[in-house]
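Dear colleague,

I am handing over the structure below, and I would be glad if you kept it open while reading the notes that come after it.

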Amino acid sequence: MAWKPPPRPDWLDSLNSLGHGRGGPAALVSLGQDSLLKSARQATGLDDFGGDGFREGLSVLLVSLEDEAALNLFGRLRARAELQRVLESRLRVHDLFKCHPEIRDQQIREPVFVTGLARTGTTIVHELLWKDPAHRAPLLWEMMYPVPPPERVSYATDPRIAVAHKEIGVMELAVPEFGTMHENAGDLPSECIFIFAHELRTEMFIGNYKVPGYAMWMAGQDLTGLYEYHRDFLKLLQWKNPGGRWVLKAPSHLNHLPALLSVYPDARIVVTHRDPLKVLGSLCNLMATLQWMHSDEVDYDAVVAAMSMGYGYLVERSMRFRDDGSVPQDRVTDLVHADLVADPLAAIAEVYQGLGTELSEQAGAAIRGHLAGKRPAGGHDYSFAETGLDLAFERERYAGYRRRFSVPAEVED
């Protein structure tokens, strides 16, 4: 079954048509490194990026965007806007640390990291843990616009919430179907990829654009330094807005748990599990749709091949971490998606036990209230069959994983 891209609104087609003239979109929107760095300096009045460690990632990413992503005009505009925002934010973050080195004296104690294969329930688990008044999670707006540091008195009313909400909302305006795939909002918790973006080593760009060269470069990186930056970033966020235990989330953490634990040795890890065959169709459609948002050229078969290979590799790698002791078992709590669906509160209570504590009455009430008010899931259900992958081969690939974590099969012949 051939993949069909979702329809685009008329305004987006009209915008992209402006890039069909002489020179194409590249003539209208520069993704040159010098241009980006100059614009970030001019916008902030700052010139110290805090070392050159980010430049290699920026260079590799820009080459991928130019040579591989086949960006339309909207894609170039979004890439330019995202990169300039990140570079401006990096300048401001470094300047703040220079002016206030005491920020690094802050302590990050026993953070909880929620991770797992994509589309296996990491988002809802993260949200439910966040509803506990004893926890806090980084919200999208403060990861996108962290300076000046968030303050307790204005945390819920900061004008940057609306700015971030509008910026992320452009994706749903461009492709309305995207709203059924993943919920985003300026005042909701989001993934650590928005923090990692400041170092230009992040899956954020891999998710939005066709950049296999950048993805391959990322796969070979030692990310210990990235998690050190992540830790300092959390210190900045809590400096003027102290709160409870940090609860963080990103599927990409699953690939880097040894580096994470080397920086956060007291961290607790929650790993979600689900039959990979159930979610591969949804994941491939999501990735293809994100590419379609930014490019008129999407090779769905290539997306499927990359996702299948990546999922299989990550499953084997994550189990190897557990087997060789790189990730001590006593730091990890496993949560099967089927148990979460059957009884969310009971499943979260078991997570708390794994974290060495108990679900308080106050937290339980907050979680029940959140579940009751959450809009029903639905609207984005793509079957494994639509990937065109061989069912028997893929089922055997994940057989050991499913046995190990007692993951029930969700795809029938």
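Predicted model: local features only at pLDDT ≥ 70, side-chain atom pairs only at ≥ 80, totals over all residues.

Residues are numbered from 1 along each chain as its sequence is written, and side-chain values use heavy atoms, with hydrogens and water left out.

The sheet is open and parallel, its 5 strands running in the order S2-S3-S1-S4-S5 (strands are DSSP runs of E with at least two residues, helices runs of H or I with at least four, both numbered from the N terminus; two strands pair if DSSP finds at least two bridges between them). Strands S2 (135-136) and S5 (332-336) stand at the edges with a single partner strand each, so one side of each has no neighbour in the sheet.

Helices H4 (residues 55-67) and H11 (residues 212-219) pack with their axes 7 Å apart, at an angle of about 150 degrees (axes are lines fitted to C-alpha atoms over the stretch in contact, and angles run from 0 to 180 degrees between N-to-C directions). The two are therefore roughly antiparallel, a term used for angles over 145 degrees. On the H4 side the contact (heavy atoms within 4.5 Å) involves Glu56, Gly57, Val60, Leu61 and Ser64, and on the H11 side Gly213, Tyr214 and Trp217.

Finally, the search of the whole structure finds 0 disulfides (pairs of cysteine sulfur atoms within 2.5 Å).

Methods. Parallel < 35°, antiparallel > 145°, perpendicular 65-115°, else oblique.
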